[in-house]
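Please read the report below alongside the sequence and the coordinates. It is concerned with how the chains meet one another.

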Amino acid sequence: MTEDQFLRVDALTKSFGTNQVVKGVSFGFGKGEFISLLGPSGCGKTTILRMIAGFETPTTGTIRVAGEDITHLRPNQRKLGMVFQAYALFPNLTVGDNIGFGLKVAGMGREERRARVEEMLRLIGLPGFEKRYPYEMSGGQQQRVALARAIAPKPRLLLLDEPLSALDAKIRVSLRGEIRAIQQDLGITTVFVTHDQEEAMSISDRIVVMNAGHIEQMGSAHEIYNRPQTRFVATFVGQLNTLPAATFGPDRAIRPELVSLAPRPETDMTLTGTVADVGFLGSVLRLRVDVEGAPISIDTFNGHAPPPQRGDTVTLHLARKDVLALGA
Amino acid sequence: MTNALATALKPSRRLSLEWLGVAPFVIFAVMFLILPTLYLIGTAFIGRDGQLTLENIGGLFTGQILAAYWISIRISGASAILGALIGLAIALAIIRGRLPAPLRSAVMTFSGVASNFAGVPLAFAFISTLGRLGLVTIILKTLFDIDIYRAGFNILSFWGLTLTYLYFQIPLMVLLIAPAVDGLKKEWSEAAQTLGASTWQFWRYVGLPIIWPSFLGTLSLLFANAFGAIATAYALTGSSLNIVPILLYAQIRGDALQNPGLGAALALGMIAITAFANIVYLVISARAERWMR
Amino acid sequence: MKQSKFWAWVIFGLGAAYFIVPLVATFEFSLKMRRGHYSFDSYASVFSDPAFQATFGYSTLVGLFAILVGVLIVVPAVYFVRLRLPHLRPLMEFVTLLPLIIPAIVLVYGYIRLYNSSSLLPFTGSALGTDILLVFGYVTLALPYMYRAVDTGMRTIDIKTLTEAAQIMGASTATIIARIILPNILVAVLSGAFLTFAIVIGEFTIASLLNRPAFGPYLQNVGANRAYEPSALAIISFIITWGAMGMINVLGRFAPRTSARTD
């Protein structure tokens, strides 16, 4: 338990007027962990991040970092680093001055600062970019500079507010890998806010799934995906097929990748249906099969065999143990 | 694409139509803005005998005229700098000071009105306020026993005129600088805060440098605005105050000087000074805006 | 953060005092014409003055013509420059800024010298000619504001797309300007018009030097010769300006909000 005490949030609530957007949230994480706050927009995840940063004051509850109660500290006293969705680089400063900003206001000398900036630029793979201005760089480069700026003063905690959502899909994937690598290198405790479940699962040690101001489930990507504890988590994280109630009873579902066209060692039951649609996703084919009026999506590798056609009757194989019971 | 296609299809007709649409504007600007100005500038270099001369320009360097330029520059400079600083403070207060939103639109509307409430009526308003029988003068005298006129204040003086000019300079600044203050993203100050910067450090290194070019541009505009203003001063003081526009006014009316060349030279001097203020602005802002596209 | 809010209120309060006190003082002064108690006598005196009615009427008329001329030269120019001659934009911006840099008194001096009765275009040779010159002078004064109002209006409606859409449906250029562009920028044009009116109605320098019986010179004359009427006139002028600006605000609510491109 003690190792989950580095970032500790207790009974946190936040109301704007009569509208309560965070409804009693508690969690604790260990030093060096990468935590994602995942949820749809308006679930309160950004508000929690902004309370940790100090831009919003909690209505009730406490926030502790390394045992210190920071709930009522001003943002510039918290020693945190933050990366914003829209980069938020200072447009009038060069890349070097942006990265060195936190060091400068902390009173670090010019030479020491220059060395640290250089080290940061190497870390983010942009050596020699000191003299550039933000407008001369691509979005991905700017966001890497923003990351370097946030970690240059060696903050206790790194806060990432949807840092990838303004970027193109390709850069998004490569940059998230870089962020994770740098985070693991430095061992810096990181809170990452996102609405993209794939992003959260690919990058995090632990995920906090949020909905309507409260926590739905907390755990590793594996736990969240394979053992969703609520209907919300099951449907929000990953794809899900609702199985026909006549055969399985109410509220039974299965992941698309656990249904196959051929039997596997663990499969112990079959369903028969009609192919309603065939979607080509490159290495994977996604079939929509109509089973007793319930549409079931399955993913199958795009092998050498010719794919089933619309209207074909197919047999689906699945294992009873893979069927999820959706609770409330 | 559509553009290129259209031009390729009917080049000649479209071109003439475009120029026909722009022509009235161009002709107007040449006839009523550029030609009269150039003509005056030319006249300033022509003597009574029709020969090219620097005599008129030399005529500017006499005691009374130099004094007039100097007091004009001081009043315009003081009202522009004070107006710009106070206007910026008000713009910051209403836009970034978390004041209620309706207050902001009220201030902007009022600024629109007050920046246009110049000229003769403004002079009347300040005479009613700070003249010898003005409300504030009398209240100060009867309630607090402070006689501002005995203390050396005069509505017809440098400070009196500056205080009056501020009534249109401040709101003009608020109107012109508001977009720049609006352009300061909330994330910049948040980023600075998480990096440990104090409010002052944020403004020192980020906020003010970003606003600086707009600030200078507006400042030079305020300067020109006050430098050419005549109605307020004339209504306040008649022709007793020796500022350049009043001197030129008297010259045009034929009350004094009686030398068209010198009049043109006076006008040239005014243009030269307001143009100089703008050139200073352009040079400084070009340096300050390296970081802009 | 609490602190910044405190200072914001302080600055706002001081500013409000500076701007409201002269209005209160002027209003109070304007009520003091009858000895012993407040009355609206000064207003009655102003409104019954035939010179007030005549000069105000004259300035209103000149203002309306200035608006008309301003719209006629600015709208087509901005339209074609935005649409087809974008390289002329910087020049246009510069030219429309000039009236803010060249003082009005210099401009009118130029007019008097250039268009005197012995010149090729003797505007000042006749009363009508001088009236026309006054209108043109006011168009010049208002040019920066009219240009910016119209330019902003055209930017928010994205005239390029509108024009191309209309051309595909076969509309002529005249039809496009009259039936599509103008109605869409009407609010912007009217804003420019009211601003022009606010600038022109009490203008003193040009009217006085061209010797026209306008409202500005009348105000100055009353100021030199009367005691209480000037305060009443200042309040009336303020209300007129407020009215013009208020109209711009009201109109702003009807402005099209399809800001498709913010180039």
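## Chain B against chain C

This is a predicted model, and the description of its interfaces should be read with that in mind. Between chain B and chain C, 76 residues of the former are in contact with 76 residues of the latter, and the area buried between these two chains is about 7,000 Å², with carbon and sulfur atoms giving 78% of that area. Phe25(B), Phe28(B) and Phe32(B) supply 11% of the area that chain B buries against chain C, which is more than any other three residues.

The count of salt bridges between chain B and chain C is zero, whereas 10 residue pairs, both members at pLDDT 80 or more, are in polar contact across this interface. Helix H2 of chain B (residues 11–43) gives the largest share of the side that touches chain C, namely 19 residues. By class, that side of chain B has 55 nonpolar, 17 polar and four charged residues.

## Aromatic residues

Over all chains, the structure holds 47 aromatic pairs. In the pair of Tyr167(B) and Tyr18(C), the ring centres are 5.8 Å apart and the planes stand at 45 degrees, so the pair is tilted. Because Tyr167(B) lies in helix H8 of chain B (residues 158–182) and Tyr18(C) in helix H1 of chain C (residues 2–30), this pair joins two chains.

Tyr167(B) has a relative accessibility of 1% and therefore counts as buried. Both tyrosines belong to one aromatic cluster, which is formed by Phe110(B), Phe117(B), Phe126(B), Tyr167(B), Tyr18(C), Phe19(C), Phe238(C) and Trp242(C).

## Chain A against chain B

The contact between chain A and chain B takes 22 residues from chain A and 21 residues from chain B, and the two chains bury about 2,200 Å² between them, 65% of it on carbon and sulfur atoms. On the side of chain A, Asn76(A), Asn92(A) and Tyr135(A) lose the most area to chain B, together accounting for 26% of what that side buries.

One salt bridge is found across the interface of chain A and chain B; in a salt bridge, the side chains of Glu190(B) and Arg50(A) meet at 2.7 Å, N to O. Five residue pairs, both members at pLDDT 80 or more, are in polar contact across the interface of chain A and chain B. Strand E6 (80–83), helix H2 (95–105) and helix H4 (139–151) of chain A each supply at least two residues of the side that touches chain B, and the largest share, four residues, comes from H2(A). The residues on that side of chain A divide into 16 nonpolar, three polar and three charged.

Definitions and conventions. Residues numbered from 1 in each chain as written. Chains lettered and ligands numbered in written order. Predicted model: local features only at pLDDT ≥ 70, side-chain atom pairs only at ≥ 80, totals over all residues. Heavy atoms only, no water. Contact = heavy atoms within 4.5 Å. Buried area = accessible area lost by both parts, 1.4 Å probe. Salt bridge = Lys/Arg side-chain N within 4 Å of Asp/Glu carboxyl O. Polar contact = N/O pair within 3.5 Å; in protein donor to acceptor, adjacent residues only side chain to side chain. Nonpolar A, V, L, I, M, F, W, Y, C, P; charged D, E, K, R; others polar. Phe/Tyr/Trp six-rings, centres within 6.5 Å; stacked < 30°, edge-to-face > 60°. Buried < 20%, exposed > 50% of the residue type's maximum accessible area, 1.4 Å probe, protein only.
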